[in-house]
Amino acid sequence: MQNVIWAMKDIGAAVSRMSDSPIHGIKHWGQVCSNAIMLMQAEQVESVVPIAFSYLHDCLRENEDEDPKHGERAGSLVLALKGTLLKYMDHNDVGILANACRDHSKGMVIHPICSSKVTGICWDADRLDLGRPGVGIIPNPAFMSTETGKALARKQVNGFAKATIG
Ligand SMILES: [Fe+2]
């Protein structure tokens, strides 16, 4: 697992113009990776896809604000790396990773029967870090795909309400 983390972090850092960004750079990618590992344990899923997603989904952002095409660029990068840097990954996994990166910022949740739970773990791991400084959005449980993601988002909502009401 640690080797995959290092490899993906290296790829993300090599292609990103914004890896030093405290909002969408390596710090965020690492938190998404921690979230992904925790979600996989809780949901009993084992996959390298959420690890790769953590370090690649935002690596082609061009700014900190509106950049609606950054997911598509990341998805295309994954497909471009299929035969080289990602060659050890299963073909099916590369497809799931590319689609998860492409669609991650479209506000979608997975279909519980038709979609891979791995995709939901990718998106939940990212959205659980929406409260970070510079973004400051409390995650909405309705936009979580996994039961664990929903429960953790509810915790953040309740924590925010307590802090606000006192
Ligand atoms: Fe992100």
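This is a short walk through the structure, from the whole fold down to one residue.

The model is predicted. Its mean pLDDT is 94, and 99% of the residues reach 70 or more. Helix 2, residues 26-43, has the highest mean, at 98. Helix 7, residues 147-165, has the lowest, at 89.

Now the architecture. The protein has seven helices and zero strands. Read from the N terminus, the order of elements is α-α-α-α-α-α-α.

Next, the overall dimensions. The C-alpha atoms fill a box of roughly 55 × 35 × 30 Å along the principal axes. The radius of gyration is 15 Å. A compact globule of 166 residues would have a value near 15 Å, so the protein agrees with that expectation.

What about the interior? Buried residues make up 38% of the 166 residues. Take the contacts between residues at least 6 apart in sequence: 57% of them join residues at least 24 apart.

One residue brings this down to a local view. A100 is found in helix 5, which covers residues 91-103. Is A100 buried or exposed? A100 has 29 C-beta neighbours inside 10 Å. The cut-off for a buried residue is 20 or more, so A100 counts as buried.

Which residues does A100 touch, beyond its neighbours within four places in sequence? A100 is in contact with V49, F53, T119, C122 and W123. Look at W123 in particular. A100 and W123 are 23 residues apart in sequence. In space, their C-alpha atoms are 7.4 Å apart.

Terms used. Residues are numbered from 1 along each chain as its sequence is written. This is a predicted model: local features need pLDDT of at least 70, side-chain atom pairs count only at pLDDT 80 or more; totals for chains, interfaces and linings use all residues. pLDDT is the predictor's confidence in each residue, from 0 to 100. Helices (H or I, at least four residues) and strands (E, at least two) are DSSP runs, numbered from the N terminus. The radius of gyration is taken over C-alpha atoms; the globule rule is 2.2 Å times the number of residues to the power 0.38. A residue is buried if 20 or more other C-beta atoms lie within 10 Å of its own, exposed if 12 or fewer, and partly exposed in between; C-beta atoms are placed from the backbone. Two residues are in contact if their C-beta atoms, placed from the backbone, lie within 7 Å.
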